[in-house]
Amino acid sequence: MKKKIMLIVPMLHQGGFERVCVATARLLEPYYEVYIVIFSAMDIAYDIRGLHVIDIHMKSVEGKAGKILNVFRRAKRVAALKREYGIEIAYSFGPTANLVNVFSGMRPFRKNAAKRTKIWCGVRSYMDMGNPGLLRLFCRHSDRVVSCSRLIQRELEARFSCRKVCTLYNPFDLEAIRSQSKEIGEKERLPFAGCGRVIVSMGRQDDVKGFWHLLKSFSLLHRKYEDIRLLIVGEGDFKEYWKLAEDLGISDAVSFPGVKKNPFPYLALGRMYVMTSINEGFPNVLVEAMALGIPVISTNCMTGPAEILAEDFDAVSGRQEYLDADYGILIPVMEEKKNLDSSVITEEERKLAGQMERLLSDEALHEKYSRAAVARAAQFSGEAYVERIRGMAEE
């Protein structure tokens, strides 16, 4: 009989670890009986057809007391599902799901379960490292802590003496990405289609993404190359960025089409992909862009970009300088404090514009990084991910 694995995630709206959760379910289906447990079915952005998804109908609530009570209500329900389905491994994604996973494995929630479910807690972002209390809890009460980068693994080992931690890079179905990049809905109109000189970035409207830096850098480049365009795809109304674009005089050259169930046709428009994040966990979209042969420029933030873009990430990790790495261009992390004043253009924004111009104008450099991108993306295949999980599951 197949082992039974439960994947726990708060929601399935667009986001990095939500995407990994769905991909994990599909990749593991041939080998295990897989169940996805979500706390709310609001705004599902992924194709879950054919997957066994259980909605426990316990969405987030306001107020500290309400949040604490909600964790215990969710843990009680998840513990019951573990018993009902005879779950052998429960793998959770992100701090909210990790809390529920850990508590559901404690008494009195476990009650008289015939067999204890193994608990895997996924630490999916460097932002999660800012809560030592939760991390200590996860390290102490889980059977395995699953990190998405070696840098996070090392920090967990050093700070919490955690010997249960391992690194599991996110999986990618590269052929599906390439196939879906050509699938455009009948009523869907791609912004700037046919332009050929589009700079793309993706991510939710969140200050951690540093999009104001990208807009200001793009405005400098647009003064010299009037035909270039900027496309930022992701969840949010982006009103403050629309206003900034207007103030910068580039509103006709910028588009914020919102969240997309299939973002890959938008991604495929890119002449280059630019990531200005202050920090990340493992930025899936870098690998997705590279799978489409799109050269990338990324901040050398904590964590992920250095591991993706450099052969020897130890040699470049944390280096705050401009580096032509093996598989893309790394730039220093930019100012964290948001500045929407269009009259203030910083030196780091000018330097980013310079790096973007290099990729825009130097055909040899563009071709070099386009080929390197495809080669590197191939190393993050779903097959390698499944092999690693299967090995962990049999330990």
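## About the model

The model is predicted, with local features needing a pLDDT of at least 70 and side-chain atom pairs counting only at pLDDT 80 or more, while totals for chains, interfaces and linings use all residues. Residues are numbered from 1 along each chain as its sequence is written, and side-chain values use heavy atoms, with hydrogens and water left out.

The names of helices (H or I, at least four residues) and strands (E, at least two) come from DSSP runs, numbered from the N terminus.

## The parallel sheet

An open sheet is formed by seven strands in the order β3-β2-β1-β4-β5-β6-β7, with parallel pairing; two strands pair if DSSP finds at least two bridges between them. The strands at the edges are β3 and β7 (165–167), and each has a single partner strand, so one side of each is left without a neighbour in the sheet. On average, neighbouring strands of this sheet are turned by 25° against each other, direction ignored.

Within this sheet, β1 and β2 are joined in the parallel sense over six bridges, and Ile36 in β2 is the bridge partner of Leu7. Helix α1 (residues 16–28) lies across β1, β2 and β4 and runs at about 165° to β1; here axes are lines fitted to C-alpha atoms, for helices over the stretch in contact, and angles run from 0 to 180 degrees between N-to-C directions.

## How α2 and α3 pack

Two packed helices are described by the angle between their axes and the distance between the axes. Helix α2 (residues 64–85) packs with helix α3 (residues 95–104) at an angle of about 60°, and their axes are 8 Å apart. That angle makes α2 oblique to α3, in a scheme where angles under 35 degrees count as roughly parallel, over 145 as roughly antiparallel, 65 to 115 as roughly perpendicular and the rest as oblique. On the α2 side the contact (heavy atoms within 4.5 Å) is made by Val71, Phe72, Arg74, Ala75, Val78, Ala79 and Lys82, and on the α3 side by Thr96, Leu99, Val100, Asn101, Phe103 and Ser104. The residues of this contact divide into eight nonpolar, three polar and two charged, where Ala, Val, Leu, Ile, Met, Phe, Trp, Tyr, Cys and Pro count as nonpolar, Asp, Glu, Lys and Arg as charged, and the others, Gly among them, as polar.

Helix α3 is mostly covered, with eight of its 10 residues buried; buried means under 20% relative accessible area, exposed means over 50%, and partly exposed lies in between (1.4 Å probe, protein chains only). The buried residues of α3, among them Ala97, Asn98 and Val102, pack against β1 (4–9), α2, β4 (89–93), β5 (118–123) and α4 (132–141).

## The mixed sheet

Another open sheet has seven strands in the order β10-β9-β8-β11-β12-β14-β13, with mixed pairing. Its edge strands are β10 (254–258) and β13 (323–324), each of which pairs on one side only. Strand β8 (residues 198–202) runs parallel to strand β9 (residues 229–233) and is joined to β9 by five bridges, with Leu230 in β9 as the bridge partner of Ile199.

Three bridges join strand β11 (residues 270–275) to β12, and these strands also run parallel; Ser298 in β12 is the bridge partner of Met275. In a regular strand the side chains alternate between the two faces of the sheet.

Asp43 has a phi near 55°, a positive value in a residue other than glycine, and counts as exposed because its relative accessibility is 53%. His57, in the loop between β3 and α2, has a positive phi near 55° as well, and at 64% relative accessibility His57 counts as exposed.

A cis peptide bond joins Met302 and Thr303, with omega at about 0°, and Thr303 is found in the loop between β12 (296–299) and α11 (305–309).

Tyr31, in the loop between α1 and β2, counts as partly exposed at 35% relative accessibility. Leaving aside neighbours within four places in sequence, Tyr31 is in contact with Lys2, Val386 and Arg390.
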